[in-house]
Amino acid sequence: MSDVLRRELRGFGVAVSVVQPGAIMTPIWRKVSEVAREALRSADSEVAALYRARFERFLEQNEREAARSRTTAGDMADAVHRALTELRPRARYQVGADVRRLSLLARLLPDSLLDRYLAPVTAEVPGTAAPAGPEGALEAARPVSRD
């Protein structure tokens, strides 16, 4: 979307840049986890059962990546400053080794391999699978009524 916006606005002298942050350890990760876990607690029990293990693993992965990251909020601020002040701003400013690594993999790998690389974050957790077969997949995707 930003690529289209950049191309459309170029003729008007407007530069569009995307600042792509990786994981940055800030208090937002704790808040994200708290809000997400509250959403699971308040969800319908069938929906929560279907997603809980995957969602918990996703949250844990986010927290681990943020804790491991050496990227700071200052790095992000510097990238935004550069995007706003450079005479010829770049289309993208990647902030953090993790986002640069993922961007490189996305350019080099076919989608199927990139999907396989990213799959562990949202992969099925043993004992939480939806019922087998097409009916089970449809049943798992169907919204649960709250009668």
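How many nonpolar, polar and charged residues does the lining of the largest pocket have? I opened my notebook with that, and here is what I looked up.

**Entry 1: ground rules**

I am working with a predicted model, where local features need pLDDT of at least 70 and side-chain atom pairs count only at pLDDT 80 or more, while totals for chains, interfaces and linings use all residues. I number residues from 1 along each chain as its sequence is written, and side-chain values use heavy atoms, with hydrogens and water left out.

**Entry 2: the pocket**

I found 12 nonpolar, four polar and three charged residues in the lining of the largest pocket. For these classes, Ala, Val, Leu, Ile, Met, Phe, Trp, Tyr, Cys and Pro count as nonpolar, Asp, Glu, Lys and Arg as charged, and the others, Gly among them, as polar. Rolling a probe the size of a water molecule over the atoms shows where empty space is left. My note on the term: on a 1 Å grid over the protein atoms alone, a pocket is an open set of points where a 1.4 Å probe fits, with protein on both sides within 12 Å along at least five of seven lines, and lining residues have an atom within 4 Å of a point.

I read off a volume of about 450 Å³ for the largest pocket. A volume here is the space filled by probe spheres set on the points, which are joined across faces, edges and corners. Of the 19 lining residues, I marked Gln 61, Glu 65, Leu 102, Leu 118 and Val 121 as nearest the centre. Helix H3 (45-68), helix H5 (97-108) and helix H6 (111-122) each give at least two residues to this lining.

**Entry 3: the whole chain**

I counted seven helices and two strands in the protein chain. Both are DSSP runs numbered from the N terminus: helices are H or I with at least four residues, strands are E with at least two. Starting at the N terminus, I read the order α-β-α-α-α-β-α-α-α.

How much of the chain counts as buried? I got 19% of the 147 residues. Buried means under 20% relative accessible area, exposed means over 50%, and partly exposed is in between (1.4 Å probe, protein chains only).

Is Thr 71 buried or exposed? Thr 71, in the loop between H3 and helix H4 (73-85), is buried because its relative accessible area is 10%. I also saw that its C-alpha atom is 5.4 Å from that of Ile 24, 47 residues apart along the chain.

Arg 70 sits in the loop between H3 and H4 and is exposed, with a relative accessible area of 80%.

**Entry 4: salt bridges**

Side chains of opposite charge can pair when their charged atoms come close. I call it a salt bridge when a side-chain nitrogen of Lys or Arg is within 4 Å of a carboxyl oxygen of Asp or Glu. By this rule I have six salt bridges.

Asp 3 meets Arg 6 with the closest N and O atoms 2.8 Å apart, and both lie in helix H1 (residues 2-10), three residues apart, about one turn of the helix. Asp 3 also pairs with Arg 92 at 2.8 Å, N to O. That pair links distant parts of the chain, with Arg 92 in strand E2 (residues 92-95) and Asp 3 in helix H1, 89 residues apart. Asp 3 is partly exposed at 21% relative accessible area, and Arg 92 is partly exposed at 34%.

Another bridge I noted joins Arg 37 and Glu 63, with the closest N and O atoms 3.7 Å apart. Here Arg 37 is in helix H2 (residues 28-42) and Glu 63 in helix H3, 26 residues apart.
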